[in-house]
Amino acid sequence: MHSLNLGILAHVDAGKTSLTERLLHSAGVIDEIGSVDAGSTRTDTLALERRRGITIKSAVVSFPLDGVTVNLIDTPGHPDFIAEVERVLGVLDGAVLVVSAVEGVQAQTRVLMRTLRRLRIPTLLFVNKIDRRGAAYEDVLRAAAERLSAAVVPMGTTTALGTPGARFTPCPVPAALDVLADHDDDLLAAWLDGPVPDTLVRTALAEQTRLGLVHPAYAGSAITGAGVDALVDGIRRLLPTAGGDPDGPVSGTVFKVERGPAGEKVAYARLFSGTLRTRDRIRFGEQGREGRVTAVHVFEDGTDIRRDAVGAGRIARLWGLGEVRIGDWLGVPRTTDGHLFAPPTLETVVEPVRPADRRALHLALTQLAEQDPLIGLRHDEVRQETSVSLYGEVQKEVVQATLADDYGLQVAFRETTPLCVERLAGTGAAVEFIKKDDNPFIATVGLRVDPAPVGAGTEFRLEVELGSMPYAFFKAVEDTVRETLGQGLYGWRIPDCTVTMTHSGYWPRQSHAHQGFDKSMSSTGADFRGLTPLVLAEALRRAGTRVHEPMHRFRLEAPADTLGALLPVLSALRAVPRTTETRGALCVLDGVVPAALVHALEQRLPGLTRGEGELESAFDHYAPVDRGAVVPRRPRTDHNPLNRKEYLLNLTGRTASAS
């Protein structure tokens with residue numbers, strides 16, 4: 001049986017979950033349409049989702065469509081949960097991007113469409129809520145074409161907009177033939193010669209949609225069902241089914257992990273190639289871990305059904321992979337696009353209300369991080385504190401509620417702070433030789449650090465012969481370098497640099513006659529792991545680093561007569577407008593603002609604009625902290641190689657009690 005893995009994406013409150021319910025009802029999978037407000041929808045299964053009326057975790061349901069099993073994946077719309085969306089995009093064959101006919105194109109709509117187009121995921125538009133007062137169809141399509149830079153193909157017309165009787169009427173052939181002709185020279189030539197046959201237009205539409213060149217646009221109401229049949233027809237005719245060779249090598253990806261009733265891990269995976277069977281052993285993850293599949297469930301007819309195997313193109317729930325993590329590859333890895341969205345830019349310390357819950361809190365947060373790889377944990381053993389990186393305040397509320405509901409833990413948060421990075425100011429080098437000066441390690445390590453372009457990541461190079469010492473020692477140095485770069489001179493991560501090993505040396509394994517291995521005369525991996533942070537810290541000190549804070553780009557629309565009140569507040573919040581445009585009674589400002597102050601701007605905006613201001617913001621870049629400002633520092637969680645005496649004492653554990 002063929003399958004189609006279809007994502008439903010949108011800005012928050014555009015009606016994704018309601019549309020999912022309507023599609024399931026239209027396919028006969030459910031007898032009654034659930035309500036987001038009543039908390040009775042099929043995909044919002046978490047108690048917190050039902051209470052808040054928002055989608056937090058992606059969910060998979062299925063329905064049959066002309067012999068094809070459509071796996072429908074409902075995703076969160078709130079930008080705080082963009083990590084959940086990122087994981088889903090890698091398993092999709094097609095998508096429906098939902099836009100509200102009332103609110104129109106919004107910030108998250110733009111972020112999602114840019115990513116869908118970059119990945120060339122075939123995408124249909126569905127303009128929802130045409131039955132609501134203030135609904136507009138053609139205006140939304142114009143905005144989609146302009147603000148999303150998308151080639152939109154209207155697939156019909158609307159009547160009685162803004163009333164319960166609103167309808168969508170499909171056109172016999174797409175009205176926007178000129179959009180299709182822009183991408184097809186043969187179609188353009190046929191158009192210039194005279195009327196174009198409907199079959200040629202339909203063929204061109206299907207081909208260009210599947211290539212991600214154009215985006216057919218439908219309209220309707222998930223509540224009344226208007227336009228949904230036309231959308232289903234578009235899904236059937238225009239979106240490609242999943243490919244893959246079921247007889248090929250097993251290759252898949254894990255996009256979601258949840259815990260079963262007994263606390264066991266359940267992995268949601270998409271198979272791109274091969275067939276995975278119960279009792280098969282499978283390798284997964286970068287570390288090449290291995291596990292045995294103990295159960296397989298596939299999605300059919302609105303539920304998941306136990307099967308003996310899952311083949312290429314399908315989505316399954318897998319049991320038995322105890323160490324699996326989100327983002328792990330199963331079997332043969334495939335090339336990926338890396339992270340599609342910006343990383344979290346905020347951080348806060350989570351504290352238990354009852355001090356006795358510290359250990360339980362750390363365990364609970366570790367389990368939550370397993371389900372969300374873009375949410376990082378940072379544990380400080382010295383202060384017995386755990387920090388969590390976040391996208392926004394709503395996500396913090398969700399973490400708090402999840403800890404209370406699922407783990408019985410009451411927690412509080414400290415003030416949210418920006419998650420900065422450090423960048424090298426220059427080049428620096430350092431070296432320590434075996435048993436020279438005060439080097440207590442049986443190892444020689446020399447390192448040079450050089451700045452790298454933004455986004456280049458960390459590169460480890462050798463200027464010494466690879467055969468000059470055992471490979472395990474080189475690996476110990478490289479692994480320790482990458483770990484140590486997580487905390488620079490000010491405690492922030494150093495994301496982009498080149499580290500070159502300039503010196504190496506070791507003492508080979510030695511032993512006394514008739515005796516065993518003599519550690520005091522032989523190098524071990526521990527020597528290199530212990531020495532490397534000291535050498536790297538000194539190289540960083542000589543190079544110097546500068547702290548960069550996260551900056552968001554913003555777009556602000558407000559009544560033009562409120563501009564005088566807005567500008568001083570923007571200045572006080574260190575927001576810098578780059579362009580200002582007046583459109584009739586509205587002014588539009590584009591600029592940048594520190595990520596740490598976006599929430600404050602959101603809170604001030606309604607009062608400054610009589611409630612009419614609209615703000616879009618998204619991470620844009622890191623910028624150097626002003627030289628006159630106090631440089632933000634982050635408490636260290638390692639043995640602090642910047643202080644040699646403290647580091648060596650901590651490494652031997654002699655200051656454990658004093659800490």
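A: Two strands count as paired if DSSP finds at least two bridges between them; strands (E, at least two residues) and helices (H or I, at least four) are DSSP runs numbered from the N terminus. The model is predicted, so local features need pLDDT of at least 70, side-chain atom pairs count only at pLDDT 80 or more, and totals for chains, interfaces and linings use all residues. Numbering starts from 1 along each chain as its sequence is written, and side-chain values use heavy atoms, without hydrogens or water.

Let's zoom in on β5, residues 123-128. Six of its six residues are buried, so the rest of the structure largely encloses this strand (buried is under 20% relative accessible area with a 1.4 Å probe, protein chains only). Look at one face of β5 and you find Thr123, Leu125 and Val127; turn to the other and there are Leu124, Phe126 and Asn128, and both faces are covered.

Now for the neighbours. β5 pairs with β4 (residues 94-100) in the parallel sense, over six bridges. Along that pairing, valine 98 stands opposite phenylalanine 126 of β5. Between these strands comes helix α4 (residues 107-118), and β4, α4 and β5 make up a right-handed β-α-β unit (with the strands pointing away from you, the path from the first strand over the helix to the second runs clockwise).

β5 has another parallel partner in β9 (residues 215-219), this time over three bridges. Here leucine 125 stands opposite alanine 217 in β9.

Methods:
Buried < 20%, exposed > 50% of the residue type's maximum accessible area, 1.4 Å probe, protein only.
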